[in-house]
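These are my notebook entries on a single structure. I set down what I looked up, topic by topic.

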Amino acid sequence: MRRLTLRRAPGRPLERWSARPVRLLAATAAATALALTASGCVTVHGELALMPPATKAEAAQALADFTSAYNRADKAYDPALVAGRVTGPLGEINQAGLRAGAVTSPGGNPNHQPLELTDARFVLPRKAGWPRWFLADTDANRDAAGSEDQRWILVFVRNGPQQLWEVAHLVILTPSEVPEFAEEDGYAVPVEADSDAYAVAPQDLGGQYASFLKDGRPGTFAAGPHTTAWREQRQKAAKRPGLATQYLDRAANQGDFAPLGLRTKDGGALVFFATRYFERQTAAPGYRPKVDPGVKALLTGEVKNTVTKEWVSDQVVLVKPAGTDRDAVTVTGRLQGVVGAQGS
């Protein structure tokens with residue numbers, strides 16, 4: 001016996017997106033034991049053996065299970081119906097959006113449109129130990145009429161043989177923004193969090209992105225809607241008469257927020273990582289900041305002249321090989337959502 005253990009409008013729940021504009025979307029099993037050989041008993045531990053995360057059939061089932069749970073939860077505005085299928089940054093954004101929706105529309109989502117994810121292409125990285133994960137590159141029924149086709153990229157994560165597949169990351173890209181991935185023996189190649197083969201190690205991306213949004217340094221990040229343009233939007237908001245706005249960004253890389261990357265054929269990497277930021281708005285004396293209903297549903301405390309929104313932001317980037325000093329990281333997609341708010 002042989003056993004293998006293998007944007008659009010901020011504040012709107014379930015419709016906050018940033019893949020170009022920021023939007024929001026409001027997770028099959030890899031084999032854990034296979035009986036092989038007729039004689040003898042050899043144990044190969046999943047912690048040591050290089051294993052694919054799932055078969056394509058199992059990955060397809062995970063995608064179907066996620067889509068079904070998402071639709072039930074979105075229709076009822078009930079976070080519990082999808083809680084077991086989402087995790088990490090997407091999970092926190094999704095669950096907060098559903099909680100807000102349940103407050104603003106307690107009878108359910110009057111605008112529910114069933115999500116359909118078709119034409120799925122699965123990228124399966126082979127690795128040792130847990131977590132195991134894979135990427136689903138899909139076509140969603142959410143493209144506006146006449147708009148450029150977009151691909152919904154979902155990252156499924158599983159932390160052990162008894163756990164369900166959960167979606168940790170979700171971004172929207174055009175087909176041309178999805179890179180070609182390097183392969184070894186027919187499987188995608190994962191990137192270690194501390195790898196020095198790239199201009200920025202995956203584990204350092206969150207901290208560097210937070211620093212860039214604060215003061216424009218380091219110059220690692222290429223200009224674009226999620227870098228230079230976003231900094232300009234913040235600077236304009238900070239100077240708005242009668243309403244002072246401040247931002248504080250932090251890396252988020254623990255647990256299911258940990259960065260995940262794949263080697264690309266050009267020698268670079270595609271990496272998913274998350275950040276958390278706080279947006280503090282303080283009104284002039286005698287005035288109160290306006291609070292969107294979706295944000296108000298998540299509010300604690302009383303808004304007297306200040307409201308602080310907590311956001312989770314999920315990014316996907318293309319990172320160039322080590323030795324590239326400037327414009328080494330291109331942010332190709334971003335999803336963000338309010339997950340909490342505090343009044344004072």
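**Entry 1**

I looked up Asp-327 and found it partly exposed, at 36% relative accessibility. I use buried for under 20% relative accessible area, exposed for over 50%, and partly exposed for what lies in between, with a 1.4 Å probe and protein chains only. The model is predicted, and local features need pLDDT of at least 70, side-chain atom pairs count only at pLDDT 80 or more, and totals for chains, interfaces and linings use all residues. Residues are numbered from 1 along each chain as its sequence is written, and side-chain values use heavy atoms, with hydrogens and water left out.

Asp-327 sits in the loop between strand 14 (306-319) and strand 15 (329-343). I take helices (H or I, at least four residues) and strands (E, at least two) as DSSP runs numbered from the N terminus. The phi of Asp-327 is near 50 degrees, a positive value in a residue other than glycine.

**Entry 1: The chain as a whole**

I noted 5 helices and 15 strands in the protein chain. Of its 344 residues, 50% are buried. The chain exposes about 15600 Å², and carbon and sulfur atoms supply 50% of that area. Such areas come from the Shrake-Rupley method with a 1.4 Å probe; for residues, only the protein chains shown count as cover.

**Entry 2: Backbone exceptions**

Most residues other than glycine have a negative phi, and most peptide bonds are trans. I therefore recorded the exceptions against that general rule. Tyr-77 has a positive phi, near 55 degrees. Tyr-77 belongs to the loop between helix 1 (56-76) and helix 2 (88-104), and is buried at a relative accessible area of 11%.

Which peptide bonds are cis? I found one from Trp-130 to Pro-131, with omega near 0 degrees, and one from Arg-217 to Pro-218, with omega near 5 degrees. Pro-131 lies in the loop between strand 3 (117-123) and strand 4 (132-140). Pro-218 lies in the loop between helix 3 (202-215) and helix 4 (228-238).

**Entry 3: Aromatic rings**

Rings of Phe, Tyr and Trp (its six-membered ring) pair if their centres lie within 6.5 Å; planes under 30 degrees apart count as stacked, over 60 as edge-to-face and the rest as tilted. Phe-212 and Phe-221 form a tilted pair, 5.5 Å centre to centre with 50 degrees between the planes. Both Phe-212 and Phe-221 are buried.

The pair of Tyr-247 and Tyr-277 is tilted because the planes stand at 45 degrees, with the ring centres 6.4 Å apart. Tyr-247 is in strand 10 (residues 243-252) and Tyr-277 in strand 12 (residues 269-283), so the pair ties together parts that are 30 residues apart in sequence. Is each of these two tyrosines buried or partly exposed? Tyr-247 is partly exposed at 28% relative accessibility, whereas Tyr-277 is buried at 3%.

I also noted one aromatic cluster, formed by Phe-66, Tyr-70, Phe-122, Phe-134, Phe-156 and Trp-165.

For charges over rings, I required NZ of Lys or CZ of Arg within 6 Å of the ring centre and within 35 degrees of the ring normal. Arg-132 lies over the face of Trp-130, at 4.0 Å from the ring centre. Arg-234 lies over the face of Trp-230, at 4.4 Å from the ring centre.

I counted a contact when heavy atoms are within 4.5 Å. Leu-298 is buried, with a relative accessible area of 13%, in the loop between helix 5 (293-296) and strand 13 (299-300). Not counting residues up to four places away in sequence, Leu-298 touches Ala-96, Arg-99, Ala-100, Val-338, Val-339, Gly-340 and Ala-341. Leu-298 and Ala-100 are 198 residues apart in sequence, yet 6.1 Å apart in space, C-alpha to C-alpha.

Thr-275 lies in strand 12 and is buried at 3% relative accessibility. Leaving aside neighbours within four places in sequence, its contacts include Gly-206, Tyr-209, Ala-251, Ala-252 and Trp-311.
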